[in-house]
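Dear colleague,

I am passing on a structure for you to look over. Please open it first, and then read the notes that follow it.

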Amino acid sequence: MAKLYFRYGAMNSGKSTALLQAAYNYEERGQHVLLAKPEIDTKGADRISSRLGVSRGVDFLIRPEDDLRELFAAHRARVLAAEGADVACLLIDEAQFLTPTQVDDLLRIVVLDSVPILAYGIRTDFQTQAFPGSRRLMELAHSLEELKTICRCGRKALFNARLVGGRFVFEGDQVAIDELSHEKVTYESMCAQCYLTASGGRLS
Ligand SMILES: [Zn+2]
């Protein structure tokens, strides 16, 4: 039986690396996979890039208004026509940026169309609030797996602190558009202790 897997973690927990490795494992067995990501993520455009240096183009981008089940069905039909083989797995990067409705479609694809899905994403934003797509994945996924990374202090990182021009900020839009700011927006994965110390006790 196909399952919906959500593999989540803080930033820099190796999600893209894990996704590319999973795709490779399928393909090594002669199976076909499709790679997709939401269009909102501009930093990698239409590629999935691992911090280890490996990168690969996606098969399709998902816009917020897309009917994801229909979009997937079209790409599945294209693979079937071109390769004479079905899609063994759909892999999605940056899944936190899917809409809750699109996550509903992921469960339909898995259960009604019998295609397993591996979704990778960040659990919470810089204000420790769940991204809407991640919240829905936490609710619907058959399987949840945490990908771990460590804080600067050595504890497991839970949160993603935002820095603008090197200074921590705790207010702003959920998705920071780098181009609109004079100063560079970066993130640091932090444990709860270090986050609360930096924020002066603030959580949202
Ligand atoms: Zn820490």
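What share of the contacts in the protein with a separation of 6 or more comes from residues 24 or more positions apart? In this model, which is predicted, such residues account for 74% of those contacts.

As for the overall build, the protein has five helices and eleven strands. Its radius of gyration is 17 Å, close to the 17 Å that the globule rule gives for 204 residues, so the protein is as compact as a globular protein of that length. Taken along the principal axes, the box that the C-alpha atoms fill is roughly 55 × 30 × 30 Å, and of the 204 residues, 31% are buried.

Two backbone angles may be of interest to you. Most residues other than glycine have a negative phi. Asn12, however, has a positive phi, near 65 degrees, and is found in the loop that runs between strand E1 (4-9) and helix H1 (15-28). With 16 other C-beta atoms within 10 Å, Asn12 counts as partly exposed, because that class lies between the cut-off of 12 or fewer for exposed residues and that of 20 or more for buried ones.

Ser114 also has a positive phi, near 60 degrees, and lies in the loop between helix H3 (100-112) and strand E7 (117-122). Here 10 other C-beta atoms are within 10 Å, so Ser114 is exposed.

With kind regards

Methods. Residues numbered from 1 in each chain as written. Predicted model: local features only at pLDDT ≥ 70, side-chain atom pairs only at ≥ 80, totals over all residues. Helix = DSSP H or I, 4+ residues; strand = E, 2+ residues; numbered from the N terminus. Rg over C-alpha atoms; globule rule 2.2 N^0.38 Å. Contact = placed C-beta atoms within 7 Å.
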